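Good morning, and thank you for making time for this presentation.

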Amino acid sequence: MKLKPSNSAEPTVAPGEATPWWIEEALAAEGVYEPAPPLEGDAEADVAIVGGGYTGLWTALAIQEREPALRVVLLEADECGFGPSGRNGGFVHGYWSYLARLRERFGDEGALADARAGAAIVRGIRAFGERHGEDVWLREAGMLRVSAAAAQDDALDEEVEAARDLGAPDEAVPLSAEELAGRIRSPRFRRGVFMRECATIQPARLARALRRAVTGRASVHERSRATKVRPGLVETARGRVRAREIVVAVNAAAAGWPPLRRQLTVFGSYVVLTEPVPELLERIGWTGGEAVFDGRMFLHYFRTTADGRVLMGSGSGPIGYGGRIDARFTRDRPTAARAEHGLRHLLPDLAEARITHAWGGPIDVSSDHLPFFGTVPGERIHYGAGYSGHGAGPSWLGGQILARLVLGIDDELTRLPLVNRQVPKLPPEPFRRLGGGLIRAAIMACEEAEEQGRRGPLLARAGAAIPRLLHLSIGTR
């Protein structure tokens, strides 16, 4: 029985051979800058933050805004914004679009608490840009979830039903095929759901803007990969930081950190980007700037940019082993090809749009597909992880939570169900990698068949059902 999808030809542009366009554009706009110096020797701090992506930077900023006298040292393995925070899709939203999953995990009250807290995310990013005079291409246009196959209809219905049941029908408004076509036209789309709580950003611009804001308030050290984290001490190859409080905010690398490795795995996510095609966007009526994603498990996510480009992503990349981050997460041509196939298939009127860039990277996926924040028991080491490919917005909320954990603040944010919770454990290696690979192939085979109007092969359907039988959300269709 063949499980491997057939739409995995070579991509037009190979990933991993050039800097992601987001980073290119952000650095060009920034102009000349000096990388922060690596850590040399010993340093003392009140708070040491490991990781210079969104979560680490938002945490540092939130701490300094509340307690400016605290000494904060931030360590980044590369340069701030060069990792996942600078190359993601740039969708900024909270948890109204996650109500169905949140209800299943935390009940109605817990789901509403998380969704209401997440409603501050877009406002928080807008306020940051205005306060610091930073243009991060924030566009508050909402989000469309579309069905491109009959098997995807149920996912849309669940979103609408959850919002209606919890008294928030305006957060998930059903759209007929005709209503959807008023926002974006495609012969593939059956119907959709509009979610008003979403904006898009230029992700690398936001990461670099945060870097500038934090550098003025804390000691930032780039090219300073943490090699060991233990209570009161963070070590790098060339130095050490002694700190009373430590925050670990390292995204996918946390899958290799002992306290979290049974709660996380690593997936690859890839995007392709077109040349500017404003005239083609006019042709399909996609001029409102809405972010879009479909109803697949390994979803397609797509959006436009300020200069009329189209970004199409595919979350169908490879699965990691034991937390290792290797070239498969930046150079996997089949996944980039699937992203390009998604563009041509879902938006056939953009067939003539030339692909100019392709890139990918690892994402930290939790066992229940929801993030988690907390403190290692008995230690003053705090963590945030498990964004599962949706961290551009929730990392703002994560920064507010982690700052409170560091400062010992007990309030409505630290009492959210996402904080200090029991995350279901994943199987140990090698079963996680072997089983995950088989389930991934099964789901992809089913989704390819459904996209073509066929039912998936029996063996593939059986494999795709395994996660639900094990009460895991990874790979749940």
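Let me begin with a term: a salt bridge here is a side-chain nitrogen of Lys or Arg within 4 Å of a carboxyl oxygen of Asp or Glu. The model before you is predicted, and by that criterion the structure holds 35 salt bridges. In general, side chains of opposite charge can pair when their charged atoms come close.

Consider E40 and R238, whose closest N and O atoms are 2.1 Å apart in a salt bridge. E40 sits in the loop between α1 and β1, and R238 in the loop between β10 and β11, so the pair ties together parts that are 198 residues apart in sequence. E40 itself is partly exposed, with a relative accessible area of 46%.

The next pair is D46 and R244, with 3.6 Å between the closest N and O atoms of their salt bridge. This pair also links distant parts of the chain, as D46 belongs to strand β1 and R244 to strand β11, 198 residues apart. D46 counts as buried, at 12% relative accessibility.

R380 lies in the loop between β17 and β18 and E245 in strand β11, so parts 135 residues apart in sequence are tied together. How do the two partners stand in accessibility? E245 is buried at 6%, whereas R380 is partly exposed at 38%.

Salt bridges also form a network, which links E30, E134, R208 and R212.

E104, D154, E158 and E161 form a negative patch. Which helix gives the most to the negative patch? Helix α5, residues 153-165, does, with 3 residues. E161 lies in this helix and is partly exposed, with a relative accessible area of 40%.

Finally, the backbone. Most residues other than glycine have a negative phi, and most peptide bonds are trans. S388, in the loop between β18 and α11, has a positive phi near 60 degrees, and this residue is buried at 4% relative accessibility. N420, in the loop between α11 and α12, likewise has a positive phi, of about 50 degrees; N420 is partly exposed, with a relative accessible area of 48%. The loop between α11 and α12 also holds P430, which is joined to E429 by a cis peptide bond with omega of about 5 degrees.

Thank you for your attention.

How values were computed: Residues are numbered from 1 along each chain as its sequence is written. This is a predicted model: local features need pLDDT of at least 70, side-chain atom pairs count only at pLDDT 80 or more; totals for chains, interfaces and linings use all residues. Side-chain values use heavy atoms; hydrogens and water are left out. Helices (H or I, at least four residues) and strands (E, at least two) are DSSP runs, numbered from the N terminus. Buried means under 20% relative accessible area, exposed over 50%, partly exposed in between (1.4 Å probe, protein chains only). Patches are made of residues with over 30% relative accessible area and no salt bridge: like charges are joined within 9 Å, nonpolar side chains (Val, Leu, Ile, Met, Phe, Trp, Tyr) within 5 Å. Accessible areas come from the Shrake-Rupley method with a 1.4 Å probe; for residues, only the protein chains shown count as cover. Lys and Arg count as positive and Asp and Glu as negative; His and the chain ends are not counted. The place of a charge is taken as NZ of Lys, CZ of Arg, CG of Asp or CD of Glu.
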